[in-house]
Amino acid sequence: MARGTVKTAYERLIDRQLLVSNGPAGTRVSDNLPPQAADMSRISQQETVQAPGMIGPGSPPRLFQLGVPAQDAFPTKTLSRLLAQAGRKAALLPLSYPDPRGEPALRREIAAYLAVARSIVCHEEQIFVTAGFTSALGLIIETLSPSPYRAWVEEPGYPLVRAALALKGVQAVPVPVDANGIDVAFGVKNAPDASLAVVTPGQQAPLGMTMSLARRRALLDWAVSANAYVIEDDYLGELQLNGRAAPALASLDAGERVIHVGTFSKTVSPALRLGFMVAPSRLVGEFLRRVMFLSPAPAAMTQIAVCSFLAEGHFLRHLRKMRRLYADRRDLLGSTIGTPLRDRKAGGLALVLPLPDEADDAAIARRALGRGLGPSPLSSWYTDPASARSGLLLGFTNMTPQSAGRAWRDLQDVIADLPRR
Ligand SMILES: Cc1ncc(COP(=O)(O)O)c(C=O)c1O
């Protein structure tokens, strides 16, 4: 071996503090070897990323899977062109820090869209671009501290919200939902001192009903009197299959109590990790400090691409197309299972298939996974296991005439075995 190669190897080992050179006295192995890399085998399976409703990160959507857009209708060509253009624009940006609230042009587009589509009149200064609902939630919980405080959550409701609140030491108080949405009177009676409520007024997650006007007023009145805030999780936005989507709760919010959160996860793709938040003006300063020091907006490139997607009219066209497609797929699911769904009152992009209360829906969902299907157990959306209803949430966004019949027969086979709780 050439002398130079050996010398380079020695120098590298010395740089990494594995060898110590004592000049002419020789080179020895260091007495204080630096620590080894962490032992990965100690990270258990449970600690790998697995959130409710999330079937292994990065895997393609399965039939009946909840909360994922139609893979076959994704605007691949348009978005890849816009992302490539955005990459070039981002590379030419000045080498300084971007606005931590998000790209001003995107915030203007979002404000204009919200005014037209969700009846929210807001200034672009109130808009903060986030990495989806999840990161907006983190930002809000952080900003509304000091913990501990109590927060109303819908029962049943999005499990990730409960998990996020628990991580931050906030006590989640389950408040039942009925045909009109969250039961505000129950919340007022049982937890009047809560300082936050997290709700899905547009289309309740997971049951799909729209919160009635009376309930909306009652919720806002409570928020004003309790000095509390309401997070409006508008995760489906305008993706309402039965007629027009109701205006956002934030559009009624004269008392500046609602923090409206939108996401592009359902309307475009969860892989974008992009969403936004509209802060009541009194909280803008607080949020600004948090995004400056703790969690700035995501990378400019995705923001620039999504900004063009909105500005060039692709987003509205895409939404119109998806509403038609999802209505067809809902009807296809209805005809496959023999229950017409066309006139169904509930919205959402999933059907609840009730099971007998003693049926172990989580075990059924696990078995279905083994058959390549992705239904979600309804019981996991409840805080209180004792009151949890058993059922399967059947997402229909990826249902096609070719796949529907076979998938339904496979699911029926799994259900026929009915593991009991
Ligand atoms: C109720 C609810 N809110 C919000 C989201 C979206 O979260 P994100 O924007 O972090 O993808 C989901 C996704 O499944 C959801 O079910």
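Good morning. Of the 421 residues in the protein, 39% are buried, a residue being buried if 20 or more other C-beta atoms lie within 10 Å of its own, exposed if 12 or fewer, and partly exposed in between, with C-beta atoms placed from the backbone. The model is predicted: local features need pLDDT of at least 70, side-chain atom pairs count only at pLDDT 80 or more, and totals for chains, interfaces and linings use all residues. Residues are numbered from 1 along each chain as its sequence is written.

I begin with the overall form. The C-alpha trace spans about 90 × 55 × 45 Å along its principal axes. The protein has twelve helices and 13 strands; these are DSSP runs, H or I of at least four residues for helices and E of at least two for strands, numbered from the N terminus. Among contacts with a separation of 6 or more, 71% join residues 24 or more positions apart. Two residues are in contact if their C-beta atoms, placed from the backbone, lie within 7 Å.

Next, the domains. The domain assignment gives domain 1 (76-314) and domain 2 (316-417), with bounds from an automatic or database assignment. Their C-alpha centres lie 26 Å apart. The contact between them takes 23 residues from domain 1 and 23 residues from domain 2. On the side of domain 1 that touches domain 2, the elements giving two or more residues are β4 (150-155), α5 (159-167) and β5 (171-178). The residues of that side divide into eleven nonpolar, nine polar and three charged. Here Ala, Val, Leu, Ile, Met, Phe, Trp, Tyr, Cys and Pro count as nonpolar, Asp, Glu, Lys and Arg as charged, and the others, Gly among them, as polar.

Strand β4 also leads us to strand β7 (residues 196-199). Is β7 covered on one face or on both? Both faces are covered: L196 and V198 on one side, and A197 and V199 on the other, are all buried. In a regular strand the side chains alternate between the two faces of the sheet. Three bridges join β7 to β4, and the two run parallel; two strands pair if DSSP finds at least two bridges between them. In this pairing A151 stands opposite L196. Four bridges join β7 to strand β8 (residues 229-233), again in parallel, and there L196 stands opposite Y229. Together with helix α7 (residues 213-226), β7 and β8 make a right-handed β-α-β unit: with the strands pointing away from the viewer, the path from the first strand over the helix to the second runs clockwise.

Another sheet is open and has three strands in the order β11-β13-β12, with antiparallel pairing. Its edge strands, β11 (350-354) and β12 (376-377), each pair on one side only. Five bridges link β11 to strand β13 (residues 391-395), and L351 stands opposite L394 in β13.

I turn now to the ligand. Which residues are closest to it? Of the 14 residues that surround the ligand, the closest are G132, F133, A205, T263 and S265; a residue is near a molecule if its C-beta atom, placed from the backbone, lies within 6 Å of it. Helix α4 (residues 132-143) supplies the largest share of this shell, three residues. By class, the shell has five nonpolar, eight polar and one charged residues.

Finally, I consider R28, which lies in strand β2 (residues 27-29). Why does R28 count as exposed? Because R28 has 10 C-beta neighbours inside 10 Å. Not counting residues up to four places away in sequence, R28 touches L19, V20 and N22. Thank you.
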